[in-house]
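Reader: Hi! Could you walk me through this one?
Author: Happy to, let's have a look together.

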Amino acid sequence: MEIKKESKFKKNFKRFGSLGLAAVFAVAIALTITFAIPRNPSDPNEPAGTTPISFDLPMNGAVVVKDYAEDRLQFNESLQRWEIHLSVDLSSENNNVFSVADGVVTSVDSNSLEGCVVEIQHKDGFVSVYSSLSDELKIKEGDSVKKGQEIGQASDSAANESKDGGHLHFTLFKDGVEVDPNNYLDLQNK
Ligand SMILES: [Zn+2]
């Protein structure tokens with residue numbers, strides 16, 4: 001009885017086994033192709049479960065003091081020279097500065113030219129840099145921060161822009177290159 005059963009199985013395996021093996025190979029090849037194709041992390045068509053990054057404003061009710069411009073020179077009153085400005089300068093009534101997205105504080109630095117500078121690494125290759133802050137920060141290097149979390153106060157600590165008064169000099173990097181924050185944040189509509 002047992003032998004008969006086995007032989008029946010063998011018979012079925014001979015009949016369907018090769019078909020099953022072919023199906024297994026087909027699935028394996030499909031999986032290989034699916035995972036072998038590199039994905040752009042910022043691709044809006046990426047699979048479910050990976051929501052693309054979204055940004056909040058770094059200040060509440062902020063006014064743009066000096067806008068981002070990579071193709072025209074703007075006059076720097078403090079340095080008395082014309083220069084390109086790959087950042088956006090913002091000011092607000094209470095001077096509070098917030099992280100524009102979830103991330104990790106990768107650097108806290110202070111120098112007379114740029115004042116206190118905080119750098120936050122986000123997902124999708126974005127890094128936000130907040131310059132001309134006062135020394136009294138609400139975060140430290142290595143901290144995880146949430147979108148909208150207060151990090152410090154805008155001030156006139158940056159000597160290279162001190163004549164613009166207390167403000168935040170905000171720079172956004174994508175994959176190591178400065179990008180126009182206006183393309184990601186709604187800075188102009190208060
Ligand atoms: Zn600036």
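Reader: Let's start with the strands. What stands opposite L168 in β11?
Author: That's L90. One thing to keep in mind is that this is a predicted model. Strand β4 (residues 88-91) and β11 are joined by 3 bridges and run antiparallel.

Reader: Which strand pairs with β11 over 6 bridges?
Author: Strand β8 (residues 126-133), again in the antiparallel sense. There, V127 stands opposite F173 in β11.

Reader: And how many bridges join β11 to strand β12?
Author: 3 bridges, with β12 (residues 177-179) running antiparallel to β11. L172 stands opposite V179 in that pairing. The hairpin of β11 and β12 has 2 residues between the strands, and D175 takes a positive phi near 55 degrees in it.

Reader: Why is β11 described as largely enclosed by the rest of the structure?
Author: Because 6 of the 7 residues of β11 (residues 168-174) are buried.

Reader: Are E161 and H169 buried or exposed?
Author: Both are buried.

Reader: Last one, the surface. Which residues form a nonpolar patch there?
Author: L73, W82 and I84, with about 350 Å² of accessible area together. I84 sits in strand β3 (residues 81-85) and counts as partly exposed, at 43% relative accessibility.

Key
Residues are numbered from 1 along each chain as its sequence is written. This is a predicted model: local features need pLDDT of at least 70, side-chain atom pairs count only at pLDDT 80 or more; totals for chains, interfaces and linings use all residues. Side-chain values use heavy atoms; hydrogens and water are left out. Buried means under 20% relative accessible area, exposed over 50%, partly exposed in between (1.4 Å probe, protein chains only). Patches are made of residues with over 30% relative accessible area and no salt bridge: like charges are joined within 9 Å, nonpolar side chains (Val, Leu, Ile, Met, Phe, Trp, Tyr) within 5 Å. Accessible areas come from the Shrake-Rupley method with a 1.4 Å probe; for residues, only the protein chains shown count as cover. A salt bridge is a side-chain nitrogen of Lys or Arg within 4 Å of a carboxyl oxygen of Asp or Glu. Helices (H or I, at least four residues) and strands (E, at least two) are DSSP runs, numbered from the N terminus. Two strands pair if DSSP finds at least two bridges between them.
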